[in-house]
Amino acid sequence: MHKKTKGSIAEMAVAAHLLEKGWRVLFPVGENNRYDLVAEKIGKFVRIQVKYVTPKKGVLDVNCRSSNNWSVLPYNKKEIDAMAVYNANDKVIYFIPVSKINCNLFKIRLEKTKNNQQKYIHNAVDFLSLS
């Protein structure tokens, strides 16, 4: 499947999820925006970058950068407020506040670590809602 198709699937799934939770959803015109959609609830606006991710070995590896043929740019708090991660296998959506993103790759753990490590682990259950 083409990556643009995957992106569209994820965006529509996130929009539907947010609408079900009582948010209004706005889409920007054109593709020159760092966010894919904006969610609004009671006057609070949240700029969201959406990612379609397939889990590997119990982890969702979320790329926190955008890239094209000439540049690779990390996302930051001036451009987005959160990332919505669409799990392609089970269709669950996770929301990462931009304040938690301080790297190029953010790992959301779907399963416990084999060595029961707790420190620096981002458990999926902690990212199920948009605040």
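# Close-up views of a predicted model

View 1. The structure is a predicted model, in which local features need pLDDT of at least 70 and side-chain atom pairs count only at pLDDT 80 or more, whereas totals for chains, interfaces and linings use all residues. Residues are numbered from 1 along each chain as its sequence is written, and side-chain values use heavy atoms, with hydrogens and water left out. The partner of D81 in the salt bridge is R47, and the closest N and O atoms are 3.1 Å apart. D81 belongs to the loop between strand 6 and strand 7 and R47 to strand 3 (residues 44-53), so the pair ties together parts that are 34 residues apart in sequence. R47 is likewise partly exposed, at a relative accessible area of 23%. A salt bridge here requires a side-chain nitrogen of Lys or Arg within 4 Å of a carboxyl oxygen of Asp or Glu; four are found in a search of the whole structure. Strands (E, at least two residues) and helices (H or I, at least four residues) are DSSP runs numbered from the N terminus.

**View 2. The salt bridge between E79 and R34.** The closest N and O atoms of the salt bridge formed by E79 and R34 are 3.1 Å apart. E79 is in the loop between strand 6 (72-74) and strand 7, while R34 is in the loop between strand 1 and strand 2, so this pair ties together parts that are 45 residues apart in sequence. E79 counts as partly exposed at 22% relative accessibility, and R34 counts as buried at 17%.

**View 3. R24 and E40 across strands 1 and 2.** A salt bridge joins R24 to E40, with 3.1 Å between the closest N and O atoms. R24 is in strand 1 (residues 24-26) and E40 in strand 2 (residues 37-41), so that the pair links distant parts of the chain, 16 residues apart. Strand 1 and strand 2 run antiparallel and are joined by three bridges; R24 stands opposite E40 of strand 2.

View 4. Five strands make up an open sheet of mixed pairing, in the order 1-2-3-7-8; two strands pair if DSSP finds at least two bridges between them. Strand 1 and strand 8 are the edge strands, each pairing on one side only. On average, neighbouring strands of the sheet are turned by 30 degrees against each other, direction ignored. Helix 1 (residues 3-20) packs on this sheet and touches strand 1, strand 2, strand 3, strand 7 and strand 8; its direction makes about 140 degrees with that of strand 3. Axes are lines fitted to C-alpha atoms, for helices over the stretch in contact, and angles run from 0 to 180 degrees between N-to-C directions.

View 5. Q49 is placed in strand 3 and is buried, at 7% relative accessible area. Neighbours within four places in sequence being left aside, Q49 is in contact (heavy atoms within 4.5 Å) with R34, Y35, D36, Y75, I80, A82, M83 and A84. Y35 lies in the loop between strand 1 and strand 2 and is partly exposed, at 22%. Residues up to four places away in sequence not being counted, Y35 touches P28, R47, I48, Q49, E79 and I80.

**View 6. The nonpolar cores.** The largest nonpolar core contains 16 residues, and V62, M83, V85, Y94, I96, F106 and I108 have the most contacts inside it. Strand 4 (59-63), strand 7 (82-87), strand 8 (93-97) and strand 9 (105-109) each contribute at least two residues to this core. Another core lies apart from it, with 15 residues that include L18, A82, Y86 and L130. A nonpolar core is a set of buried Ala, Val, Leu, Ile, Met, Phe, Trp, Tyr and Cys residues joined through side-chain atoms within 4.5 Å. Beyond its neighbours within four places in sequence, V85 is in contact with K51, V53, L60, V62, V92, I93, Y94, I96 and I108.

**View 7. Confidence along the chain.** The mean pLDDT (the predictor's confidence in each residue, from 0 to 100) of the chain is 90, and 95% of its residues reach 70 or more. Confidence is lowest in strand 5 (residues 65-67), at a mean of 80, and highest in strand 1, at 98.

Key. Buried < 20%, exposed > 50% of the residue type's maximum accessible area, 1.4 Å probe, protein only.
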